[in-house]
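These are my notes from an afternoon with one model. I wrote down each thing I looked up, in the order I looked.

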Amino acid sequence: MVVKEKINKTLNSKGAAIFKKMLEDKNAISKHLQKGGKLSDLKDKYKFVKPI
Amino acid sequence: MSNPYNLFEPDEFSYEFVTSQEITYQIYFLDYSAMFADYPNIAEFIYTFNIDVIDGNEKSAITDERIGITIVEIFKRFFIKIENVVVYVCDTTDKKHYARKRKFDTWFWKYNDGNIIKEDGIAMIEGTEIVNALLIEKHHPKLHEIIFAFKDLNNKVGEK
């Protein structure tokens, strides 16, 4: 059981690449906004939408 | 119950509201449909969203229930189109991802009218836990397939 838990810690989730990209995008955009930047500056890099 | 704050649309990409303690929140959505191409059951109308404080000091602010009410109001509008799906992650950079999850969960359980279903996930990426969640309208025509696919995304490769 202990061995299995140790093995699982080294395994990535199937959606790892997606969640990692989400997190990286989130942090990059957040940093840009904290520096006073606008979302429009990043419109070519990210697909902002207003789905409402 | 208190009213949500007035929502502004400062540009074509985001929403903003200003609290009574003069903290400005910016909320925006990103289209992630393309990233889910390998998961056709959840590839359509899939978005992520982020909330950022762009002005004011959130840390010194006292609890303000209208913030949660306003966020949930945005989601109620978002889910008028019942095919819309949200997947979001909690920032891990400062190790406060579980605190963020608790805050969002509190808002969700307190102000959700029952039409939005939330499914929590924890993805493992190179030994780090990424707290994430799915939000979906309960009448979504592919509700069960999407929840199944979301759980599959969080499963570890090779896990029995």
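Entry 1. I started where the chains meet and looked for strand pairing. Strand E1 of chain A, residues 48-49, is joined to E2(B) by two bridges, and the two strands run antiparallel. I then looked up one pair: A:Val49 has B:Phe29 in E2(B) as its bridge partner. I note that the model is predicted.

Entry 2. I checked the confidence values. The predictor gives an ipTM of 0.84 and a pTM of 0.85 for the complex. For chain B the average pLDDT is 87, and 96% of the residues score at least 70.

Entry 3. I went through chain A. I found two helices and one strand, in the order α-α-β from the N terminus on. Of its 52 residues, 23% are buried.

Entry 4. I looked at the whole contact between the chains. Chain A puts 31 residues into the contact and chain B puts in 39. On the chain B side, the elements that each supply at least two residues are strands E2 (24-31), E3 (46-55), E5 (116-125) and E6 (128-137), with helices H1 (65-78) and H3 (143-154). I sorted that side of chain B by class and got 16 nonpolar, twelve polar and eleven charged residues.

Entry 5. I turned to H1(B) and checked its length. Its 14 residues should span 20 Å at 1.5 Å a residue, and the C-alpha atoms at its ends are 20 Å apart, so the two values agree.

Entry 6. Which residues of H1(B) are buried? I listed B:Ile67, B:Gly68, B:Thr70, B:Ile71, B:Phe75 and B:Phe78. They lie on the same side of H1(B), because they cover an arc of only 160° around the axis. In an α-helix there are 3.6 residues a turn, so residues three or four places apart point the same way. I also looked up what covers the buried residues of H1(B): the list includes strand E1 (14-18), E3, helix H2 (97-111), E5 and E6 of chain B.

Entry 7. I followed the strand pairing inside chain B. E5(B) and E6(B) are antiparallel and pair over ten bridges. One of the pairs I checked is B:Ile117 with B:Ile136 in E6(B). These two strands form a hairpin with two residues between them, and B:Glu126 in the turn has a positive phi of about 50°.

Entry 8. Last, I looked at strand E4 of chain B, residues 85-89. Five bridges join E4 to E6(B), and the strands run antiparallel. Here B:Val87 stands opposite B:Leu134 in E6(B).

How values were computed:
Residues numbered from 1 in each chain as written. Chains lettered and ligands numbered in written order. Predicted model: local features only at pLDDT ≥ 70, side-chain atom pairs only at ≥ 80, totals over all residues. Helix = DSSP H or I, 4+ residues; strand = E, 2+ residues; numbered from the N terminus. Buried ≥ 20, exposed ≤ 12 C-beta atoms within 10 Å, placed from the backbone. Contact = placed C-beta atoms within 7 Å. Nonpolar A, V, L, I, M, F, W, Y, C, P; charged D, E, K, R; others polar. Pairing = 2+ DSSP bridges. pLDDT = per-residue confidence, 0-100. Expected span 1.5 Å × (residues − 1). Arc of directions from axis to C-beta.
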